Structure formats: structure tokens, C-alpha cells
Amino acid sequence: MFKQILYCSTANGQWSEHVPTAITDIIVQGRRFNRANNITGFLCYKGGYYLQAIEGPTEVITSLYKRICTDSRHYDVNTLLDEANLTTREFQAWSLKLASTSPVSEKVALFIDKKWPALKNNNKAALKILSIFYKAQVRSNYYNADFPSLRKVGQIEVKLLSVPTITSAQVGNHDLLDIYGHLIMRWRTFYDLLGTFRLKEYELYNLLHQLYQSDDLAIRKYQVQHANNTFRNQSKPRQSDSNFYSQLRSFFRRYV
Amino acid sequence: MSDYQKLAFVGDVGSGKSTIIRTLSEIEVVDTDKRATVDIGKEFTTIGIDYGRINFNDSMALGLYGVPGQKRYSLLWEHVNKSLWGLTLLVKFSGAPNTVDLSECLRFFDPVKTGTPFVLGLTHVDEVSNKNVSAVADILKSFLLDHELPGVVIPVNCLDRKSSMMIPYFINSMHNAKAI
Ligand SMILES: Cc1cc2nc3c(=O)[nH]c(=O)nc-3n(C[C@H](O)[C@H](O)[C@H](O)COP(=O)(O)O)c2cc1C
Ligand SMILES: Nc1nc2c(ncn2[C@@H]2O[C@H](COP(=O)(O)OP(=O)(O)O)[C@@H](O)[C@H]2O)c(=O)[nH]1
Ligand SMILES: [Mg+2]
């Protein structure tokens, strides 16, 4: 079960002094923590105010939010939305996006006068803001994602951080490059499709195996977590199976 | 897609820009190497833009541009950073890559903003074990991710054509993915 919180607060200090370094610290450290703890969301700064959405496993969010509330880098923290028992996330592409107000500003000006605190006690407006950021996330499927994002694919939770490093034995394997290129550029769509387009189990297994078998530490750290062991019992794909690559390629061509 | 595209290689002195362009180019490269005034451990160093060209496939020729990666060359960066087809940051293999210059360079080129497919080419890997390459590639990947760039690190031997071709091929794959 997930919990999602949207809040706004007032930044401590002037923009020209503390705020830029404070934001950098928050983003860098926050991302590390959020990635490791299955938290997703964004942080937005405008005119001396922060607006942040965080979502993730209930207990983790509860304790993180407690820490955030007592953080001296801001004050007057107002909870705008607090949703518990959610089954899906809204910001799966962003572990902690430093979100720009630009997609929001024109629309937002209409009813909040560019100040987040005006969202207090205005549930409808807060939901509206959240959906504007959500749409911004969905629209920007190119590079804009914060890669180690989470995706629930059937019963498997996949974290994609980066593509495996090409080994010397793989030099010249352009099929593999094609696959990695697709993953990097279109991974969001790709995982959407894995979810909706019902891949045969072995196809999914093959693909994930290909992605995660490498000796790459960064990848191993983000192994595919099996909710159950269905896929473990299947035989591993043969590396030499050139059909595998062409199947995958045609899969991408057709569906991604 | 227009039939002529620009692929840039940006990197420190000795990272392999001139070499990879010489390896890939089908024309005589315009090599702007001049004698360096400081002893940097090799006789020549890049002070201008290297230029080469290949016919990548039937419908596209690639102009290959090599640009030094230090900030004082940002005038050259501006010259090159216009409608790039792909951007490659070349980094020479070492246990502790210098990420400060890399940061500045990425901040300038900002491939996220321009939407330019981007890869990091890790060079001088031909005498290093796969295990060490992969460890350093990991460091560079997390560096890239911290800059909101996808963690793509391609080990490349600039002296070898097949290996060097992995870079334009990868960038081409990224374009194909975009186009679908
Ligand atoms: C506006 C704002 C947003 C923050 N967002 C996050 C976040 O998303 N993830 C995170 O781990 N820390 C975030 N922090 C930092 C936490 O408040 C806290 O510093 C961090 O969890 C480390 O706590 P600790 O030093 O008590 O371990 C944020 C801080 C501020 C001021
Ligand atoms: N072994 C090996 N040597 C390389 C590689 N790339 C470049 N070199 C050598 O490193 C030196 C510097 O390369 P150069 O292309 O001039 O670097 P630049 O300053 O970036 O143009 C030259 O002697 C090259 O032959 C590589 O991938 N492997
Ligand atoms: Mg040179």
C-alpha cells in the first residue's frame, strides 16, 4: 500500500543566499534516499515557497514526512493532501524531480496567485495542481525521467537505473545496442506496454534476464525483485539465440 | 532526416578525440593538433576542432567533430553545439575520473534540454580487465544519473574501428527509438 503527501512550505533564507545550495543538497541526498526506499515524487520551488509531493510505502513516507516537517531549511509546512492506501503511484518516473513551475504557471495563476499557501484548505485546487505535474511527467517521456524509477510489471517490480556496460565480447553486437537504445529512450512506454501488452512469461523473462544478467554492479544492485518465483524456474535463454534479439527488436518496432 | 548530421566528441586532452575521428573518418581528417606549449605527456594536443566524416548508411553522412573539454574552450563548444545529432563525452579510463570538468561540460551542452542523444565513451580500456572497466563505468553512471542523464557508458577502443563504431550505432538506435 502506498501513501502520498502533497505539502507546501516556506523556504528559509533568501533565494540569493541559502536556497540554491539547500535545494541542491535536498535533491542530491533526497534522491539517494528515495531511490533506495521506493519513494517517488517531485519538489518545486517558487517565490520563496516549496511544493512537494512524495509517495511510497506507508511507513517510509510517514517517517520521512516527520523528518521533513522538522527540517530547518524551511518552515510553516502545510499538508495539502494526504492519501493513504493507494495501490498505484502517480510519479513513478521521478524519484525526486526538481520540477519546474513552467508547465504549471499559466494555469496555476488562475486560481492560486502563484503562491502555494493559497492552496491551503482548497482540496480541489491542490488536486488540480497535482494533476498538472502528473501530466508534465507523462508528456516528457524523453530523457526527462529520473531513471531508477519503479515500475510494477505484473507481479514484478522493476527498477531501471541504466543499461549494462557493453563488454568487450559484445563489441559489434548492434542488436544489443538497438535494445539498449530503445530502453534508454522509451523505457516508460516500454514498461507501460509490458504491463498492458501481455507478454508471454518467457519473453518477459528473457528480456529481464538479458537486462540484468550482466556483471554490472549498478545493475545488480537494482535487480529485478521477484514477487514470487514463477520466473526463476524457467530455463535461462541461450546467449547464442540470435532469434532472441530479432524477436525483441520486432517487439520494439511493433509495440514500443 | 537530413542527409548530413553532426556527431561531437568532447573530452580532455588525451581522451582520444583525434584518434577516434581518425579511426572512423573516411576522408582525410582535418587535424588541428598543434604542438602543445606544456608537456602533457604526449607530443601533440588538440587546440582546435578535429573534423572527419563517414557515410553512416545510405541515407546519412556524419560529420565528426572533436572538441576539447576544458571550459576555456567554450567558444568552440558554442560553435559545435548547434543542432547536434549526437553528443559523446570521451573520458580516459582511470580509477578516479575527474568529474569536475565533466560537470561543467555537461552543464554547457545540456543534452537533456536540447534533447540530443548522449553517451559517455570510456576510452583506453583495451588493456584493462572487463571487471575494472565495469567498476569505473559504474562510477560514471552514477555521476551521469546525478546529472539527470541516462547512465549509458560505452567502453571504446579508439584505435579499433569496430569498437569505435559502437558510438554512432548507439546514438542511431536512440534516434530510431525516438522516431517510432
Ligand atoms: C523541502 C524539503 C524537501 C525534502 N525532501 C526530501 C525527500 O524527498 N527525501 C529525503 O530523503 N529527504 C528530503 N528532505 C530532507 C529531510 O528533511 C531530511 O533532511 C533527510 O530525510 C535526512 O534526515 P536525517 O538527517 O534526520 O537523517 C527534504 C527537505 C526539505 C527541506
Ligand atoms: N590504447 C589506447 N590508446 C588510445 C585510445 N584512445 C587514444 N589513444 C592514444 O592516446 C593518445 C591521445 O589520444 P588523442 O586522440 O590524441 O587524444 P585527444 O587529445 O583527445 O585528441 C594517442 O597516443 C592515442 O593513440 C584508446 O582507446 N586505447
Ligand atoms: Mg587531439
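Modeller: The side chain of A:Arg67 places an N or O atom 2.9 Å from an oxygen atom of ligand 1. That is a polar contact (a pair of N or O atoms within 3.5 Å; within protein, one must be able to donate a hydrogen and the other to accept it, and residues adjacent in sequence count only if both atoms are side-chain atoms). A:Arg73 also reaches an oxygen atom of ligand 1, with a side-chain N or O atom at 3.1 Å. A:Asn34 faces a nitrogen atom of the ligand instead: a polar side-chain atom of A:Asn34 lies 2.9 Å from a nitrogen atom of ligand 1. The protein buries 73% of the 620 Å² that ligand 1 exposes when taken alone. Those areas come from the Shrake-Rupley method with a 1.4 Å probe; for residues, only the protein chains shown count as cover.

This is a predicted model, in which local features need pLDDT of at least 70, side-chain atom pairs count only at pLDDT 80 or more, and totals for chains, interfaces and linings use all residues. Residues are numbered from 1 along each chain as its sequence is written, chains are lettered from A and ligands numbered from 1 in the order in which they are written, and side-chain values use heavy atoms, with hydrogens and water left out.

Ligand 1 is surrounded by 16 residues, each with a heavy atom within 4 Å of it. The closest are A:Asn34, A:Gln52, A:Arg67, A:Asp71 and A:Arg73. By class, nine are nonpolar, four polar and three charged. Here Ala, Val, Leu, Ile, Met, Phe, Trp, Tyr, Cys and Pro count as nonpolar, Asp, Glu, Lys and Arg as charged, and the others, Gly among them, as polar. Helix H1 of chain A gives the largest share of this shell, four residues. Helices (H or I, at least four residues) and strands (E, at least two) are DSSP runs, numbered from the N terminus.

Chain B holds the other site to look at. Ligand 2 also has 16 residues around it, and the closest are B:Gly14, B:Lys17, B:Ser18, B:Thr19 and B:Asp126. Backbone atoms supply contacts here. A backbone N or O atom of B:Gly14 sits 2.8 Å from an oxygen atom of ligand 2. For B:Cys158 the corresponding distance is 2.9 Å, again from a backbone N or O atom to an oxygen atom of the ligand. A polar backbone atom of B:Gly16 is 3.0 Å from an oxygen atom of ligand 2. On its own, ligand 2 has 580 Å² of accessible area, and the protein covers 80% of it. Helix H1 of chain B (residues 17-24) gives the largest share of the shell, three residues. The shell divides into four nonpolar, eight polar and four charged residues.

Elsewhere in chain B, helix H3 (residues 99-109) has buried residues: B:Leu102, B:Ser103, B:Cys105, B:Leu106 and B:Phe109. Buried means under 20% relative accessible area, exposed over 50%, and partly exposed in between (1.4 Å probe, protein chains only). B:Asp110 follows that helix, with a positive phi near 40°. B:Ile49, in the loop between strands E3 (44-46) and E4 of chain B, counts as buried because its relative accessibility is 17%.

Last, the cysteines. A:Cys8 is buried, at 0% relative accessibility, whereas A:Cys69 is partly exposed, at 35%. The whole structure has zero disulfides over all chains, a disulfide being a pair of cysteine sulfur atoms within 2.5 Å.
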